Amino acid sequence: MATPKITIAADDNLSMKPAESSNGPDLGGVYHTRSLSRTRRPGSRRTASRASHERRSEHLDVEDEDDWLRDDGRKKQVFKGTTLLWLAYQSVGAIYGDIGTSPLYVYSSTFTDQPTYDDLLQVLSVVLWSLTIMVTLKYILIVLHADNQGEGGTFSCYSLLTRYANITDRDPREARLVKMERHETQDMRPSNRTFRSTIERSTLTRGLLKIIGVLSVSMVIADGILTPAQSVLGAVQGLSVVKSDISSPTIVGTSCGILVLLFLIQPLGTTKLASTFAPIVILWLGFNAGFGIYNLVMYDHSVLKAFSPYFAIHFFVEKKTAAWKMLGGILLAFTGVEALFADLGAFSMRAIQISWLSWCYPCLLLAYVGQAAYISVHPDAYSNPFYNAVPPGMLYPSLIVAILAAIVASQAMITAVFQLISQLMKLSYCPQVKVVHTSTRFHGQLYVPFVNWILMCGTILVTCVYSNTTRLGNAYGVCVMFVTFFDTCMVTLASLIVWRLSPYLVFLPWLFFATVDGLYLSSALTKVPDGAWFTITIAGILACIFLLWRFGKENQWRAEAEDRFRPAQLLHRTDDTLDSPLVLGPRWGGGAVSRIRGLGIYFDKTGVLTPTVFTQFVSKFGTVPDAMVFFHLHPVEAPSVPSSERYAISRISAVPGCYRLVVRHGFMDEVITPDLAALIYEQVRGFVVRQASGGDDDDEEPSTTRVHVVGDQTHGQANGAASAGVDSQADGEVQGRKRTAASKQADRNRAAAVALGDEATRAELGRLDRAFAAKVMYVVGKEQMRVREHPASLFRRVVLTTFLWIRENTRAKIANLRLAMDRVVEVGFVKEI
């Protein structure tokens, strides 16, 4: 097949402007989050404590070609109007399936015998006020505000704290994507300032916050394994209402088949799944509300007085220890509330608030009140309150809807797990796995294939082992209460450090919510011997794996610190000519460096200073290609990067014929393709021409002809409305480009003519052309690691050995790159950790 012609015009115009020169000492090392300059909001100021970290010249010897760095991290999306209502509609299908199906089993899990009228009123009052306090007041009105650039969950709240306080180190490659917003010292109350500095100085406190964040994620994932099994098993067992002789193997087999189908459709994306599931959940909640109103009218409307908190308080006063034990069943009324916060990134705070307050909350209140009205007249109905309280003629429709609602109830936890794994990877607590963004419009909607299949295997295994919801139900609730308690603590810290509220204002709400959490948590812990040990064990194992990975990464960063230096320290020029001989720096023996024909493209994982693979190549072989490009891929938290902002090119003056090319790409851009070398060559050549002609990059427009290597191909599922909008916009851009193509081509021709009139530029272009024509090498580093001999720390050696094994089996393989393999050169080297 013929090679496609590649024409790159004015899109090549992103030369890099030199930053202020650095006069500080040459220092390497793992640099802090705030070590690199980035775009600031107008009017923002630095604190005295941050200033020392942000002086690049004092802490990190950065080449002046790092000026491409900018605030490319995740941006919080704000939706309004019909888009907000559409998200609210979707959130019903993806978030409330779990908490929405609680009316099926709350009363049966709370009572062990036929309740008296007073007992029923008291339990109903506790249920109503638990929903109000734990869900509406705590999560909907307070906790959802503690988002990290739109992301939710306990670990996201921890990530938020790391942006406002110096409590963690970051991967140097990820640090530039993080927007630090630490408040100025003088802008905080003395008490808040003291509190923040105490946390920053205390190694114990920092470690405790890290453990809490990781343990919360692990517990949500453990619930993510348990919830699908529980909900689907419960749905299939619900068939016993009409056919009581269904065998256990039939129930288990049918449940496993439904679970496999549920996980197989996850690649469709959150938008499609939530939009499909939403009518089911809406209808289910509508049934509950309608049945509740019917039962209130037909049986006993006096139960409405349970809305008075008097009955809830009297419940604890009268029953004491018995009331505390019954909380283990009542808490099932709000299991799934942790997913409400964790799924925040897939939707938005306003969308969740609208869907809960306008539909889910009223429907659930009516459901519990209506069931209580029926049970007050028929006390023996507590064992299966929903089906027993169904109005005449509605049993079969309600059964079908209940089964469907129970099946989709697990979507809330599945979506939450995808969100949380993505957050873990950003802070290097989890190996990098493939993350698919399923929407171009809603950037937080994700699908993680590897995690999806692991969850599927886990839920099927749990379903086969436990085989019924009674045994699984004993494992429910403990992790939920741990997470809600951790959320209370994390949001309290955020209110002091991020929101800068007075400790006197924060203490009483924290004490109130922590007391409620503590009551439910202590009651749930009584289930540990009966089955809750299972989820706690899973959460503990996952937490150990995440903390082990983080410990290994921190040791890896320290081992790689010696490679942090500028190219001028590695190679020295003997004169100022283009063909100047090169010699190695004193650290590498000072030997002469020869030249070989060809273009060397060195894959650079940091985008600043000297790529490690280049250092290893030069020091081992004592030679460099005629032309070299340090190629770095810089991810941006957006579907695609505009053409005018995609490329950043600079010349590395220390090494003749050496350039750095940074490609900023969105999560739906295709980057690595077989004709990558042609793109790099054209980009660098255009940069040299523009530099020689004195062209101003800001006056240039995007190119008329796009290379397909980066940017114009999108992957994953996107909603139809967004796709149509993108297509319409693209058609308009194509027409605009056609109208200006002739004038821009003339400008480029004039620029090329001016550049070729300069002898030095002709020589530089000639060297680049000859190198590209001779051969192209993709030079990729393969870093191997081994544990440093240290006889006094056997445990450390075991942990790091495990980390290296996981790292070796999860890292990307060279063969998976879409490159011409005959041009790939792999340079191996070993680091000790």
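**View 1. Ring pairs join W284, F287, F291, F386 and Y387 into one cluster.** Rings of Phe, Tyr and Trp (its six-membered ring) pair if their centres lie within 6.5 Å. Planes under 30 degrees apart count as stacked, over 60 as edge-to-face, and the rest as tilted. The structure holds 34 aromatic pairs. This is a predicted model: local features need pLDDT of at least 70, side-chain atom pairs count only at pLDDT 80 or more, and totals for chains, interfaces and linings use all residues. Residues are numbered from 1 along each chain as its sequence is written, and side-chain values use heavy atoms, with hydrogens and water left out.

**View 2. The whole protein holds 30 helices and ten strands.** Helices (H or I, at least four residues) and strands (E, at least two) are DSSP runs, numbered from the N terminus. Buried residues make up 57% of the 833 residues. Buried means under 20% relative accessible area, exposed over 50%, and partly exposed in between (1.4 Å probe, protein chains only). Take the contacts between residues at least 6 apart in sequence: 83% of them join residues at least 24 apart. Contact means heavy atoms within 4.5 Å.

**View 3. Y602 and F617 form an edge-to-face aromatic pair.** Their ring centres are 5.6 Å apart, with 80 degrees between the planes. The pair links distant parts of the chain, 15 residues apart. Y602 lies in strand β5 (residues 592-603), and F617 lies in helix α26 (residues 612-621). Both Y602 and F617 are buried.

**View 4. The rings of F603 and F631 also pair edge-to-face.** Their centres are 5.5 Å apart and their planes stand at 80 degrees. F603 belongs to strand β5, and F631 to strand β6 (residues 623-635). The two residues are 28 apart in the chain. F603 is buried, at 18% relative accessible area. F631 is buried too, at 1%.

**View 5. Q616 sits in helix α26.** Q616 counts as buried, with 12% relative accessibility. Leave aside its neighbours within four places in sequence, and Q616 is in contact with V827 and F829.

**View 6. Helix α10 (residues 203-237) has a kink at L226.** The helix has 35 residues and reaches 50 Å from its first C-alpha to its last. That is close to the 51 Å expected at 1.5 Å a residue. The expected span is 1.5 Å times one less than the number of residues. The kink is about 25 degrees and comes shortly before the proline P228. The bend at a residue is the angle between axes fitted to the seven residues ending there and the seven starting there. In α10, 25 of the 35 residues are buried, so the helix is largely enclosed by the rest of the structure.

**View 7. Helix α6 (residues 117-140) packs against helix α13 (residues 309-319).** The angle is about 115 degrees, and the axes are 8 Å apart. Axes are lines fitted to C-alpha atoms, for helices over the stretch in contact, and angles run from 0 to 180 degrees between N-to-C directions. Residues making the contact include V126 and W129 of α6, and F315 and F316 of α13.

**View 8. D487 is found in helix α22 (residues 478-497).** D487 is buried, with a relative accessible area of 1%. D487 and T154 are 333 residues apart in sequence, yet 5.6 Å apart in space, C-alpha to C-alpha. Not counting residues up to four places away in sequence, D487 touches Y139, T154 and F341.
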